[in-house]
Amino acid sequence: MSIAERDTLIKKWLSEIKDYIIDQKDSNLDVEQKTADNDLVTRMDKSIEEQLVNKIREAFPGEKIVGEEGFGDEVNSLDGTVWFIDPIDGTLNFVMQQENFAVMIGVYVDGIGQLGYIYDITHDKLYSSTKGDGVRCNGQPIAKPADLSLSKGLIASSSALMCKDKYPAVRTVGAESLGVRMLGSAGLESIEVAKGNVSAYIASNLKPWDIAPGLLFMEELGMIGTQFNSKPIDLLNNNNIVFATKNAHKDIIDILGE
Ligand code: 2AM
Ligand code: CA
């Protein structure tokens, strides 16, 4: 199947998932705690991942799947085709706000991003990329953002990183910027960088499925995604990440490395 045919099929699946979420989201979500009061899973997270994994296994038997809720495979290498699934990114928003969450899919081949999807369901905005074709919103190309330096733009971060985690230099990064914004969804914050609304997104301890589609978007838009230490992002492990314009990335790494 060509990359364009895969893109069409994945968009059809995402449309079906959107209809399912809209239909179900006012019903009982069966909210459960995973590791803490603010680390939640609902029956929708599980059901969406299960539906997507079943579709992938039927259409593409033998391809590897990395999913948040455990329906995927034990994946120890990025060789071959690997799917990254986050059924609901921003589950706390989904439960508390019923908006500001996304369904995310990334497809990598031998560690190289090929297809990426971040679907802001309640606002019906599907951000997508096929490698080499830039980033689109509902099919329309989005412009490459200006290469702003840290001091000339806003940044996005996570509340854990700003309020709890032990990276005081990140607050210096925030202070050097025009201001810090927080949405609570790594996917939607990646979109904020892709659109140029912020010139960087900085977050700690993100999982591969939080990062995979956004990293492809950065590459497609001439922006940069790395770990705090400037090393390439490792999609087999948790990462502390900086997604940014080239100029802001340089400024941020300088501060984080001090
Ligand atoms: P999730 O909703 O898929 O779990 C919130 O700042 C963002 O960080 C969300 O994208 C959320 O993804 C992710 N996240 C949730 N728990 C986290 C944790 N313990 N460490 C780091 N990121 C987390
Ligand atoms: Ca999730």
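Visitor: Why is Ile 88 called buried?
Guide: Its relative accessibility is 1%. The cut-off for buried is under 20%, so Ile 88 counts as buried. Bear in mind that this is a predicted model.

Visitor: What makes the pair Glu 68 and Ile 88 a tie between parts of the chain?
Guide: Their places in the sequence. Glu 68 sits in the loop between strand S3 (64–67) and strand S4 (81–89), while Ile 88 belongs to strand S4. The parts are 20 residues apart in sequence, so the pair ties them together.

Visitor: Why is Glu 68 called partly exposed?
Guide: Its relative accessible area is 24%. Buried needs under 20% and exposed needs over 50%. Glu 68 falls in between, so it is partly exposed.

Visitor: How do you know how far helix H6 is enclosed?
Guide: Take its residues, 186–195. Eight of the 10 are buried, so the rest of the structure largely encloses H6. The buried ones are Ala 186, Gly 187, Leu 188, Glu 189, Ser 190, Ile 191, Val 193 and Ala 194. Just after H6 comes Gly 196, with a positive phi of about 85°.

Visitor: Which class does Asp 30 fall into, and how do you know?
Guide: Partly exposed, at 39% relative accessibility. Asp 30 is in the loop between helix H1 (3–24) and strand S1 (32–36). Its phi is positive, about 50°, although Asp 30 is not a glycine.

Visitor: Why is Asp 110 called exposed?
Guide: Its relative accessibility is 51%. Exposed means over 50%, so Asp 110 counts as exposed. Asp 110 lies in the loop between strand S5 (102–109) and strand S6 (112–120). Asp 110 is not a glycine, yet its phi is positive at about 50°.

Visitor: Is Leu 40 buried or exposed, and how do you know?
Guide: Buried. Its relative accessibility is 10%, and the limit is under 20%. Leu 40 lies in strand S2 (residues 39–41).

Visitor: What does Leu 40 touch, leaving out residues up to four places away in sequence?
Guide: Val 31, Glu 32, Gln 33, Lys 34, Thr 91, Leu 92 and Val 95. A contact here means heavy atoms within 4.5 Å. Leu 40 and Thr 91 are 51 residues apart along the chain, and their C-alpha atoms are separated by 6.4 Å.

Visitor: What elements and contacts make up the protein chain?
Guide: Eight helices and 14 strands. Of the contacts between residues at least 6 apart in sequence, 59% join residues at least 24 apart. Buried residues account for 52% of the 258.

Note on methods:
Residues are numbered from 1 along each chain as its sequence is written. Chains are lettered from A and ligands numbered from 1 in the order in which they are written. This is a predicted model: local features need pLDDT of at least 70, side-chain atom pairs count only at pLDDT 80 or more; totals for chains, interfaces and linings use all residues. Side-chain values use heavy atoms; hydrogens and water are left out. Helices (H or I, at least four residues) and strands (E, at least two) are DSSP runs, numbered from the N terminus. Buried means under 20% relative accessible area, exposed over 50%, partly exposed in between (1.4 Å probe, protein chains only).
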